[in-house]
2 protein chains.
Amino acid sequence: MEHAGRGDPARTMALLWDGLPAARRGPRQRLELTAVVDAAIAEAGRAGPAALSMRALARALGIGTASLYTYVPGKAELLELMVDRVAAGRPLPDPTSGWRAGLRGVAEADLDACRAHPWLLRVSTSRTVLGPHVLARYEATLALLHGRGLSAADVVGCVAAVESYTRGAASAVVEAEQAPERTGGDDEWWERQVPFLEERMNGRFPLLAELEEAGAFGVSGTALPYALQRALDRFAHGLDLVLDAVAGRIAAAGGPH
Amino acid sequence: MEHAGRGDPARTMALLWDGLPAARRGPRQRLELTAVVDAAIAEAGRAGPAALSMRALARALGIGTASLYTYVPGKAELLELMVDRVAAGRPLPDPTSGWRAGLRGVAEADLDACRAHPWLLRVSTSRTVLGPHVLARYEATLALLHGRGLSAADVVGCVAAVESYTRGAASAVVEAEQAPERTGGDDEWWERQVPFLEERMNGRFPLLAELEEAGAFGVSGTALPYALQRALDRFAHGLDLVLDAVAGRIAAAGGPH
DNA sequence: GTGAAACGTCGTACGGTGTTCGGGGTTGCG
DNA sequence: CGCAACCCCGAACACCGTACGACGTTTCAC
């Protein structure tokens, strides 16, 4: 349903790299492929990640539902096109300001993209969307770590680790961000849980209680809802941790830092 | 749809901690709540993560679809119960063999659980499922890092970072594992992509080509499909990286390692 | 210039989803 | 013993992604 990479790879690759084939016979298509993809992105953003119904998309474009399938083989392929298009919108990392700032920038840009387009987290990662913009970003990210003494496998491995961390932490952020929309109240949910929780876990989890007492679950500000601010704090904290680990590998390899 | 935490928190918490309320009037329910949850887990595992339809679950249990709603307010709450039940099946980390082995064990147990129950990755993380078994696992995981000189915030932050990494890397593994089931062939997909890819990216991504030449995309074995083995290799490599970072924090804090 | 093949369009239909409603049957308290 | 409370469930609602086939348009080959 929400998975990509399902259809004919040849057709998908052709759409990603070349767009719609020029038709020879018959009436011209009323729309450009980019218009379909852009409208899909807008529609998915508006409707939340329950996401994008082909009917609603067709309505927004002013065409019949079935006509969508002349532009795109199916929803899976459309999602792949959307992923590559979003990747096109993010800036490439700047190699002049150092690998650490660059890698942090990539992770933060990915987080921003996931917050703006929550459906990104629902499409496949293993069968990477092999579109031109996705690959260009990957190439530029690898370049940040290239030539610092790391082995080729380590370069790829470190980038993959940062990406995995980003994906996991970003999904926590996105879920925190969307949660209030589902139940209404901002922190209301937590507050309503508290009495039940305290009653049940009364004394059964001493370490949790101790850490809570020590402020381990506090957040850095109150402007945002608690759950969101906590997820953002954790994203930053964990990203530093992962980048420290990469720094350790580079230092061990003896390359320029 | 696949999100948890939607219904009445009181009802959900009561189900998680106390099970079904004892009925006073009317016929007894034919099933136990645990039977419903276990059947749901089995059904979701069998049907893949497209996952669990209330109709199919009711059929497997030999009851009408609507009857399910007398046990559980909705699908979201059922998913929460399933999460807590799966957590109950995983062993708690062993504190005697050191924090590193313990934390690795938690991450690997989480990976195993995600591979066995792919729908785990589709339920919310931010609004944690506050069930007894989930909390017990969290408490035991925090205990691995407690008393090693880290601040309370660092203990929580490091555990959160490992969890985020695990979630991201595990979703790559699970997607690699499920991908073949969707298109049939094991590595067939990659092989079919190659000719298109080489044609399009011809010379546009020199670093990618160089790293590929250097074997950066090789895998540690050929027994498993390529994409899955690569995801597993990356999981292990990145986990070491993250654990190194935690070790660095512990060393900097001067606590017992 | 004309016929026919190829193509875009889209109303309709199919099989699926989660959930609600209302009535009928069963149980157990007072 | 009566009646209120409860479980059960067939049917229906409002959606979803996608396939089919009729219809109108366009363009190429002759």
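1. Ala253(A) counts as partly exposed because 14 C-beta neighbours lie inside 10 Å, whereas a buried residue would need 20 or more. The model under review is a predicted one. Ala253(A) belongs to helix α11 of chain A, which covers residues 226-253. Leaving out residues up to four places away in sequence, Ala253(A) touches Arg148(A), Gly149(A) and Leu150(A). Thr141(A) stands 112 residues from Ala253(A) in sequence, and the C-alpha to C-alpha distance between the two is 19 Å.

2. The next point concerns chain A as a whole. Its secondary structure consists of 11 helices and zero strands. Chain A has 257 residues, of which 39% count as buried. Among the contacts in chain A with a separation of 6 or more, 74% join residues 24 or more positions apart.

3. The largest nonpolar core contains 128 residues. Those touching the most other members are Ala40(A), Val173(A) and Val242(A), together with Ala40(B), Val173(B) and Val242(B). Apart from neighbours within four places in sequence, Val242(A) is in contact with Ala161(A), Val162(A) and Tyr165(A) in chain A, and with Leu241(B), Val242(B) and Ala245(B) in chain B. As general background, nonpolar side chains tend to be buried together in soluble globular proteins.

4. Helix α10 of chain A (residues 206-213) packs with helix α7 of chain B (residues 132-145) at an angle of about 65°, and their axes are 8 Å apart. The crossing of α10(A) past α7(B) is left-handed. On the α10(A) side the contact is made by Leu207(A), Leu208(A) and Leu211(A), and on the α7(B) side by Glu139(B), Leu142(B) and Ala143(B). By class, this contact of α10(A) with α7(B) has five nonpolar residues, no polar residues and one charged residue.

5. Within chain B, helix α6 (residues 99-116) and helix α11 (residues 226-253) cross at roughly 145°, and their axes come within 11 Å. Here α6(B) passes α11(B) in a right-handed crossing. From α6(B), the residues Arg100(B), Leu103(B), Arg104(B), Ala107(B) and Leu111(B) meet Phe235(B), Leu239(B), Leu243(B), Val246(B) and Ala247(B) of α11(B). The contact of α6(B) with α11(B) comprises eight nonpolar, no polar and two charged residues.

6. Leu150(B) lies in the loop of chain B between α7 and α8, the latter being residues 152-183. Leu150(B) is partly exposed because 19 other C-beta atoms lie within 10 Å, and a buried residue requires 20 or more. Pro132(B) is 18 residues from Leu150(B) along the chain, and their C-alpha atoms are separated by 26 Å.

7. DNA strand C is surrounded by 29 residues, and the closest are Gly26(A), Gly64(A), Ala66(A), Ser53(B) and Gly74(B). The elements giving two or more residues to this surface near DNA strand C are α3 (54-61) and α5 (75-89) of chain B. Of the elements, α3(B) gives the most, with three residues. The surface near DNA strand C divides into 11 nonpolar, 10 polar and eight charged residues.

Key:
Residues are numbered from 1 along each chain as its sequence is written. Chains are lettered from A and ligands numbered from 1 in the order in which they are written. This is a predicted model: local features need pLDDT of at least 70, side-chain atom pairs count only at pLDDT 80 or more; totals for chains, interfaces and linings use all residues. Axes are lines fitted to C-alpha atoms, for helices over the stretch in contact, and angles run from 0 to 180 degrees between N-to-C directions. Helices (H or I, at least four residues) and strands (E, at least two) are DSSP runs, numbered from the N terminus. A crossing is left-handed if the near helix is turned anticlockwise from the far one by less than a right angle, and right-handed if clockwise. Two residues are in contact if their C-beta atoms, placed from the backbone, lie within 7 Å. Ala, Val, Leu, Ile, Met, Phe, Trp, Tyr, Cys and Pro count as nonpolar, Asp, Glu, Lys and Arg as charged, and the others, Gly among them, as polar. A nonpolar core is a set of buried Ala, Val, Leu, Ile, Met, Phe, Trp, Tyr and Cys residues joined through C-beta atoms within 7 Å. A residue is buried if 20 or more other C-beta atoms lie within 10 Å of its own, exposed if 12 or fewer, and partly exposed in between; C-beta atoms are placed from the backbone. A residue is near a molecule or strand if its C-beta atom, placed from the backbone, lies within 6 Å of it.
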